[in-house]
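Have a look at the sequence and structure, then read on.

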Amino acid sequence: MKIREINIKDLTVECVGLLIKTYTELGQTPSEQVVFVLSNSLANDLKKRFKDLTWNDVEKAFERGVRETDDFHLTVKTYFKWLTYWKKQVIWDAEYQANVLNKPKKEIPYFKDTMKQLKQITIKNKNNDKN
């Protein structure tokens, strides 16, 4: 499910869990106020700037950020960098490999066949219209 399809309240709750997990993995113990403020910021940023990512993409971006970068302090700038990298370097690269280099889609990690998803949504909506 894409971020745009998740209501802001549910998204904020998910962000709380993700932030607590991330802080724990970084060996930090934030105050409740910090988690509250940052979860609201993250949810709003996801809705505004990363609405086409899935929740799984967000989790993977944070997982990669904790394990593969030198960012040891979680801030808005930090998570923005992690999410932007994921969006541009992982998702866009997968699309490039499939659409330009014609690499078999099944061999491309993180490739999302948006045309296939669009067809499935269209078929689902047509079926709902018949009922």
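Asparagine 56 sits in helix α3. This is a predicted model, and in it asparagine 56 comes out as partly exposed, because its relative accessible area is 42%.

**How α1 and α3 pack**

- Helix α1 covers residues 8-25 and helix α3 covers residues 55-68; their axes come within 10 Å and cross at roughly 15°.
- That angle is under 35 degrees, so α1 and α3 run roughly parallel to each other.
- The crossing of α1 past α3 is right-handed.
- On the α1 side, the contact uses Leu11, Glu14, Cys15, Leu18, Leu19, Thr22 and Glu25.
- Those residues meet Trp55, Val58, Glu59, Phe62, Val66 and Arg67 on the α3 side.
- Sorted by class, the contact of α1 with α3 has 8 nonpolar, 1 polar and 4 charged residues.

- Side chains of opposite charge can pair when their charged atoms come close.
- The structure holds 4 salt bridges, and one of them joins glutamate 25 to arginine 67, with the closest N and O atoms 3.2 Å apart.
- This pair links distant parts of the chain: glutamate 25 belongs to helix α1 and arginine 67 to helix α3, 42 residues apart.
- Glutamate 25 counts as partly exposed because its relative accessibility is 33%.
- Arginine 67 has a relative accessible area of 51%, so it falls in the exposed class, which starts over 50%.

- Lysine 81 pairs with aspartate 71 in a salt bridge whose closest N and O atoms are 2.9 Å apart.
- Lysine 81 is in helix α4 (residues 76-99) and aspartate 71 is in the loop between α3 and α4, so the pair ties together parts that are 10 residues apart in sequence.
- Lysine 81 is partly exposed, with 48% relative accessible area, while aspartate 71 is buried, at 15%.

Conventions:
Residues numbered from 1 in each chain as written. Predicted model: local features only at pLDDT ≥ 70, side-chain atom pairs only at ≥ 80, totals over all residues. Heavy atoms only, no water. Axes fitted to C-alpha atoms, helices over the stretch in contact; angles between N-to-C directions. Helix = DSSP H or I, 4+ residues; strand = E, 2+ residues; numbered from the N terminus. Parallel < 35°, antiparallel > 145°, perpendicular 65-115°, else oblique. Left-handed = near helix turned anticlockwise from the far one by under 90°. Contact = heavy atoms within 4.5 Å. Nonpolar A, V, L, I, M, F, W, Y, C, P; charged D, E, K, R; others polar. Buried < 20%, exposed > 50% of the residue type's maximum accessible area, 1.4 Å probe, protein only. Salt bridge = Lys/Arg side-chain N within 4 Å of Asp/Glu carboxyl O.
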